[in-house]
Amino acid sequence: MKDLAVLGHLFVAAFMFHFASYMVIPAITDVTMDAVCPGRDECSVAIYLSGFQSAITGMGALVVTPIVGNLSDKYGRKALMTLPVTVAILPLFILACNRSKVYFYVYYVVKVLAGIFCEGSMHCLLLAYVADQVGARRRAAAFGLLSGVSAAGFVSGTLTARFLQTSTTFQVAAAVAAATAIYLRAVVPDSGGANSFVDEACDPFLQGSSCSAATSSSSSSDEEISPRLPPHKGGVPSLSDMVSLLTGSLTLSGAAIVTFFYSLGEHGLQTALLYYLKAQFGYSKDEFANLLLIAGAAGMLSQLTVMPVLARFVGEDILLIIGLLGGCTHVFLYGIAWSYWVPYLSAVFIILSAFVHPSIRTNVSKSVGSNEQGIAQGCISGISSFASILAPLIFTPLTAWVLSETAPFKFKGFSIMCAGFCTLIAFIISMRMRAGQSGASEMLAIVQHEQA
């Protein structure tokens with residue numbers, strides 16, 4: 001049960017990290033509005049500030065995340081996880097001290113810099129850590145559990161914020177973030193680097209027996225994937241290395257394309273949603289918290305219970321298609337919301353859309369060698385970060401335009417509908433790739449039958 005204990009410690013650290021990170025989300029919109037446009041429900045400056053933060057954070061994460069992932073393959077996951085966990089404390093501490101205009105702008109600058117190291121790196125490293133410990137056949141369920149634990153942190157943080165004052169919210173979040181860094185360094189064992197990849201026969205998700213570190217060096221047949229990249233003499237991969245990795249197989253190329261379009265729609269929704277709901281239905285901190293709580297609970301329920309069960313009966317490709325269909329419905333319902341309760345109904349569809357990212361990451365993890373888990377997950381996170389750069393550049397001015405008094409038509413959800421079309425493109429691409437793979441499999445079966 002040693003490996004299960006290792007993942008247990010990792011899950012605790014992941015829960016605490018996401019608890020502290022998401023706890024402040026319901027309050028940050030009101031804090032921003034009070035600092036930038038006090039006494040107003042609509043403020044283009046606040047929307048542009050949020051969009052600029054997302055763009056700069058995504059641009060930095062696009063460069064940093066693959067590098068961090070590759071370095072974790074060489075120096076270990078724990079050493080690299082220490083960076084985002086520690087950096088995440090600083091912006092929370094600033095607003096825990098004061099939320100005046102000056103403190104807000106100091107927080108804003110620090111948050112942008114911290115986001116470069118936190119937004120994609122932590123998730124990438126968590127996935128690589130799990131891949132080190134779990135065999136390929138149960139990796140989809142393990143990734144789903146990791147996402148469920150993260151969603152549990154999201155739900156718990158949001159629920160806690162619902163009953164705290166704004167000042168107390170940031171103080172508690174800063175304290176939990178500091179405790180996360182201490183727990184990570186003191187309790188969580190290292191993985192990756194010199195550590196060997198888990199043997200399928202010793203996979204704790206398949207057996208309850210403990211395995212020695214020596215046996216983990218002999219991988220089972222379905223784990224033996226040849227490295228797609230030559231070993232690096234330095235710690236930093238080149239752009240050509242990343243491109244070669246992603247174009248090395250149809251699975252990786254498809255995962256990259258679907259990730260880009262779905263993340264573009266997802267980040268577009270995040271850019272516009274809170275300001276849209278505030279302008280359309282007058283949502284405040286409590287309504288935001290309720291909505292995020294429903295969304296987080298749906299994601300947690302899906303990833304902890306529904307996805308691990310379905311993963312036993314259907315493949316990651318089917319889970320991905322189901323998730324993308326649910327994601328499209330989720331976004332489009334927000335865009336056409338005709339009453340204050342419709343966004344709550346839309347949030348329920350996260351039960352299905354929660355399948356998307358774990359399914360993509362599982363396909364990626366199965367397509368690379370054991371010493372490339374970090375850089376592969378980092379490249380996919382980098383693509384998601386690139387989408388997060390484009391999303392605010394596209395959806396911030398679009399949202400500010402349709403919410404302004406000078407909008408040429410009265411459709412405040414127009415920018416969200418555009419984000420929905422991005423998720424629809426991802427769904428169509430996934431369906432076409434699924435059809436292409438099925439056709440290739442049938443052709444291969446025919447050729448083998450004729451040869452026989």
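Reader: Which residues are buried in α16?
Author: V356, P358, S359, I360, R361, T362, N363, V364 and S365 are buried in α16. Buried means under 20% relative accessible area, exposed over 50%, and partly exposed in between, with a 1.4 Å probe and protein chains only. Helix α16 covers residues 356–366, and nine of its 11 residues are buried.

Reader: What kind of model is this, and what are the ground rules?
Author: This is a predicted model: local features need pLDDT of at least 70, side-chain atom pairs count only at pLDDT 80 or more, and totals for chains, interfaces and linings use all residues. Residues are numbered from 1 along each chain as its sequence is written, and side-chain values use heavy atoms, with hydrogens and water left out.

Reader: How many helices and strands are there?
Author: The protein has 18 helices and zero strands. Both are DSSP runs numbered from the N terminus: helices are H or I with at least four residues, strands are E with at least two.

Reader: And overall, how much is buried?
Author: 55% of the 452 residues count as buried. The protein exposes about 18,700 Å², and carbon and sulfur atoms supply 66% of that. Those areas come from the Shrake-Rupley method with a 1.4 Å probe; for residues, only the protein chains shown count as cover.

Reader: Now the core. Which residues have the most contacts inside the largest one?
Author: M81, F104, V130 and F170, in a nonpolar core of 59 residues. Such a core is a set of buried Ala, Val, Leu, Ile, Met, Phe, Trp, Tyr and Cys residues joined through side-chain atoms within 4.5 Å. Helix α1 (residues 2–23) gives the most to this core, with 10 residues. A second, separate core has 56 residues, including A272, L273, L274 and V331.

Reader: What does F104 touch?
Author: Leaving out residues up to four places away in sequence, F104 touches V31, T32, A35, V36, L49 and L95. Contact here means heavy atoms within 4.5 Å.

Reader: How many salt bridges?
Author: One. R77 pairs with D132, the closest N and O atoms being 2.8 Å apart. The pair links distant parts of the chain: R77 is in helix α4 (residues 77–87), D132 in helix α7 (residues 121–133), 55 residues apart. The cut-off is a side-chain nitrogen of Lys or Arg within 4 Å of a carboxyl oxygen of Asp or Glu.

Reader: Are R77 and D132 buried or exposed?
Author: Both are buried. R77 also has a polar contact, side chain to side chain, with S72 at 2.7 Å. That term means a pair of N or O atoms within 3.5 Å; within protein, one must be able to donate a hydrogen and the other to accept it, and residues adjacent in sequence count only if both atoms are side-chain atoms. S72 is in helix α3 (residues 44–75).

Reader: Why does S72 count as buried?
Author: Because its relative accessible area is 0%.

Reader: Last one. Which residues make the nonpolar surface patch?
Author: I336, W338, Y340, W341 and L345, over about 560 Å². Patches are made of residues with over 30% relative accessible area and no salt bridge: like charges are joined within 9 Å, nonpolar side chains (Val, Leu, Ile, Met, Phe, Trp, Tyr) within 5 Å. W338 lies in the loop between α13 (316–335) and α14 (342–348). W338 counts as exposed because its relative accessible area is 55%.
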